[in-house]
Amino acid sequence: MSIGDDGDYGDGHGSGTGQTRTRLPDGEGDAYGPPRRTRSTLSSRNLITVVGVVVLLIAAIAFANRGGSGNDETGSGSGGSGKDRGAAAQPTAPTGTKPVSGKTGSIASGFPKTEQGAQSAAANYVVALNSDGMYNAARRQEIASSVYAPAVAAARKTSLDKAYSNPAFLGRVGLKPDGTAPEGLTFVSRANPVGTKTEAFKGDTARVSVWYSALFGLAGAKSQNPVSESWYTNTFDLQWQDGDWKVTQFTQKNGPAPVGQDQPAASAEDMTKAVQGYGGFTYAR
């Protein structure tokens, strides 16, 4: 009989004529032919294929369900609104809403009439009111006009001029009477908002607190007032006027200040390069 021929032996499992059929194990037949595929091999490969398809489907679903990108102008991306996110995440979590594109002088403008818009306006106003522009008469007037509501702007301009042009004050901080830095020194006055919080919001009015660090001093080899860091919280009363948020009043308090790390202070040269080489931001949620 031919071992490889079923002939009269039925299905090879004894169901034919009752005779016993001998079948060699796979791989021991034709030494020159391809090995016969076993059922276990097919099952393994099928399993691998199924697992691969499942992994790809999971990845595709995860990709499709990701939160909105930074181009979501409605703010309905990963951050959502403060009410949707929960109290712990509300103050500082990003929403994906694009920063404003408007500008009044050197200050961002055109913030939306929303809680987030009020927070963004307050953060940018902190930067403006703590900038070195406050020590220049013309720029100070521009900043006051952009930040304050018209009803209080005139009074604020007068008080700001009195404070920032005071020779005694300018001398204490190391500036010349015209508010400029002595030759060879770079004046640094910059606020860096860390977070904002809505204290109250109703229609055309809002109260927003901004926690920020401030860099202030003179950078340079001969500086008697080196650049130092301090921490403050400003609380702004804002009113919606002429299509934007404007400040009607604000208060300032110290801190909260974190514990400083054990880092060596930068050299005067490095600090000067950093201040001149790194610009600021338009702050928005």
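The largest pocket is lined by 30 residues, with Val127, Arg190, Gly279, Gly280 and Phe281 nearest its centre. A pocket is an open set of points on a 1 Å grid over the protein atoms alone, where a 1.4 Å probe fits, with protein on both sides within 12 Å along at least five of seven lines; lining residues have an atom within 4 Å of a point. The model is predicted: local features need pLDDT of at least 70, side-chain atom pairs count only at pLDDT 80 or more, and totals for chains, interfaces and linings use all residues. Residues are numbered from 1 along each chain as its sequence is written, and side-chain values use heavy atoms, without hydrogens and water.

The largest pocket holds about 770 Å³ of space. Strand S3 (186–202) gives the most to its lining, with 6 residues. By class, this lining has 16 nonpolar, 10 polar and 4 charged residues.

The second largest pocket has a volume of about 580 Å³. Its lining comprises 22 residues, and Val227, Glu229, Ala265, Ala266 and Met271 are closest to the centre. Strand S4 (205–219), strand S5 (228–241) and H7 each supply at least two of the lining residues.

Helices H3 (residues 115–129) and H4 (residues 137–147) have axes that come within 10 Å and cross at roughly 165°. H3 and H4 are therefore roughly antiparallel (an angle over 145 degrees). Tyr125, Ala128 and Leu129 of H3 meet Ile143, Ser146 and Val147 of H4, contact being heavy atoms within 4.5 Å. This contact has 5 nonpolar, 1 polar and no charged residues.

Key: Axes fitted to C-alpha atoms, helices over the stretch in contact; angles between N-to-C directions. Helix = DSSP H or I, 4+ residues; strand = E, 2+ residues; numbered from the N terminus. Parallel < 35°, antiparallel > 145°, perpendicular 65-115°, else oblique. Nonpolar A, V, L, I, M, F, W, Y, C, P; charged D, E, K, R; others polar. Points joined across faces, edges and corners; volume = space filled by probe spheres on them.
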